[in-house]
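Q: Could you walk me through this model? I'd like to go through the sheets, the helices and the ligand in turn.

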Amino acid sequence: MGRVVVVSNRVAVPRRGEPAAGGLAVALKDMLKASGGLWFGWSGETRPETRPETRAGATLEPRRQRSAGIDYATIDLSEADLKGFYAGYSNNTLWPLFHFRLGLMEYDRREAASYRKVNRDFAQALLPLLGPEDTIWIHDYQLIPMAAELRALGAKQRIGFFLHIPFPPWAVLSALPDAERLLRDLLAYDLIGVQTRRDLSGMLNCFQDGLGLVPDATGGVRGEVAGQMRRAQLSAHPIGIDTRGFATLARKAAYGPETQRLAASLGGRSLIVGAERLDYTKGLPHRMRGFAALLARFPEHLNKVTYLQVAARSRNEVASYRNLRRELDQLAGRINGDYAEFDWTPVRYVARAVARDTLAGFYRAARVGLVTPLRDGMNLVAKEYVAAQDPDDPGVLVLSSFAGAAESMEGALLVNPLDAEAVAEQLDRALKMPLAERRERWDSMMRGLEEQTATRWAESFLAELEELPIPEQDVFWETPARN
Ligand code: GDG
């Protein structure tokens with residue numbers, strides 16, 4: 001039996017004294033520990049351009065570390081790579097495109113070349129660390145071409161890919177000048193996992209309309225990549241959280257000093273909570289306008305409700321993120337200017353991250369979780385909010401129908417985040433919802449979350465990958481003489 005080798009753009013090697021990581025990292029680490037696996041990716045550090053390994057054609061030597069039973073191998077990126085591959089093509093081209101935001105997408109051929117170069121660097125650095133029986137699991141939009149690069153170098157192992165963000169249909173994807181190449185890159189994987197049925201249909205539509213590949217009866221597509229005919233299986237594997245662990249964290253945090261201070265400061269008012277990275281896909285300005293519409297249309301909530309928005313700063317190197325920050329600063333200021341009383345501030349806007357347990361306590365203290373992204377692969381905040389509730393007196397989740405989570409969280413009040421009046425109506429409904437209905441809705445969502453955990457997600461993806469028929473090339477790996 002080989003190991004599982006996880007590849008992700010960022011690898012967070014745990015340092016002593018650091019707080020416990022989020023559910024996804026925990027699930028992956030448990031799985032890696034069990035398989036004696038390896039985690040490979042970018043260290044988060046940059047290296048000077050003058051170092052010899054920065055020269056074209058030179059293979060990067062990964063830094064090896066072992067921590068808590070897991071092997072880590074990381075490489076540094078140059079400043080130029082960081083700009084072209086990461087800030088440029090990954091976050092300023094693919095991220096807006098995959099979230100259906102064509103107006104924000106920028107394209108630059110040099111950045112596209114940098115994206116490909118870094119994927120090749122990753123493949124070259126990983127290849128010598130691989131054994132023939134290993135199963136490789138590559139994550140997310142930054143690394144789509146990595147399997148094609150590994151195949152071009154001769155890798156025959158099973159390689160799976162999981163996309164954490166949405167996948168748009170061809171009508172949207174075709175705006176990308178490299179769209180066909182990117183689709184072809186995907187064919188180098190044995191299994192492509194997406195979050196939802198909606199993403200799956202987007203991807204199948206792209207293969208069909210973009211490459212003319214008709215999916216077979218079991219949801220696979222067959223096509224040529226790196227000089228080989230390959231078949232990629234496509235399937236939806238919705239990600240979950242460590243539901244029990246998060247519920248425990250929230251229960252404990254409720255007695256912690258931060259949650260106690262928050263509760264005392266509310267003066268008996270209901271709390272609406274939102275928490276995410278400060279990202280334009282999360283619909284923060286629309287959400288603030290929805291909250292303002294609640295105060296305008298339903299004056300009975302004036303001085304009775306407080307909206308706390310935690311917005312952890314993110315990707316400050318990209319201009320659209322800096323613009324968003326300015327817009328939110330203004331909006332929060334204006335809503336408070338319009339509606340505040342000398343003893344009540346309707347919007348509390350915190351533009352930085354809070355500790356994970358503090359956040360869990362805040363979720364539990366909130367009567368409403370307001371999660372209204374304009375597009376989202378899944379959205380774990382929605383799941384965490386539900387897991388954090390007090391079963392005897394649970395709050396209500398108001399959720400965007402454009403979050404992947406909406407496919408499986410039927411107990412939420414679904415809303416189109418672009419319609420401020422609709423957000424206001426659902427907030428009003430949530431704030432007035434009787435206990436019996438809150439319990440019923442919460443029970444149904446919590447049952448789903450207990451089944452669909454992060455661990456189950458990782459297990460089901462890997463089980464499907466490992467059950468796929470071994471491609472013929474694997475035989476050649478064992479006996480290269482036959483080639
Ligand atoms: C991508 C996809 C998909 C937020 N604020 C703070 C904080 N958070 C934590 C949340 C949650 C995580 O960050 C955010 O996860 P999401 O799933 O909501 O969103 P993305 O970061 O965009 O993740 C997404 C996910 O991948 C997994 O596949 O669901 O659709 O876009 O865990 O709690 N954590 C702390 N302080 C904060 O202020 N400590």
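A: Gln309 stands opposite Tyr349 in β12, and β11 (residues 305-312) pairs with β12 in the parallel sense over 4 bridges. Strands are DSSP runs of E of at least two residues, helices are runs of H or I of at least four residues, and both are numbered from the N terminus; two strands pair if DSSP finds at least two bridges between them. This is a predicted model, in which local features need pLDDT of at least 70 and side-chain atom pairs count only at pLDDT 80 or more, while totals for chains, interfaces and linings use all residues. Residues are numbered from 1 along each chain as its sequence is written, and side-chain values use heavy atoms, with hydrogens and water left out.

Q: What is the strand order in the open sheet of 6 strands?
A: The order is β12-β11-β10-β13-β14-β15, with parallel pairing. β12 (347-350) and β15 (413-415) are at the edges and have a single partner strand each, so one side of each is left without a neighbour in the sheet. From one strand to the next, the twist averages 20 degrees, where angles run from 0 to 180 degrees between N-to-C directions and axes are lines fitted to C-alpha atoms, for helices over the stretch in contact.

Q: And which strands does helix α13 touch?
A: Helix α13 (residues 380-387) packs on the sheet against β10 (270-277), β13 (368-371) and β14 (396-400), and its direction makes about 170 degrees with that of β14; contact here means heavy atoms within 4.5 Å.

Q: OK, what about the open sheet of 9 strands, what order does that one have?
A: That sheet has mixed pairing and runs β3-β4-β2-β1-β5-β6-β7-β9-β8. At its edges stand β3 (63-67) and β8 (220-225), each with a single partner strand, so one side of each is left without a neighbour in the sheet. Its twist averages 25 degrees from one strand to the next.

Q: How do β8 and β9 pair, parallel or antiparallel?
A: β8 and β9 (residues 228-236) pair in the antiparallel sense over 6 bridges, with Ala232 in β9 as the bridge partner of Val221. The two strands form a hairpin with 2 residues between them, and Ala226 in the turn has a positive phi of about 45 degrees.

Q: Switching to helices, at what angle do α9 and α12 cross?
A: The axes of α9 (residues 257-266) and α12 (residues 356-365) cross at roughly 35 degrees and come within 8 Å. The contact is made by Glu258, Thr259 and Leu262 of α9 together with Thr358, Gly361, Phe362 and Ala365 of α12.

Q: Last topic: how many residues surround the ligand?
A: There are 22, and the closest are His164, Val354, Asp376, Leu380 and Glu384; a residue counts as near if one of its heavy atoms lies within 4 Å.
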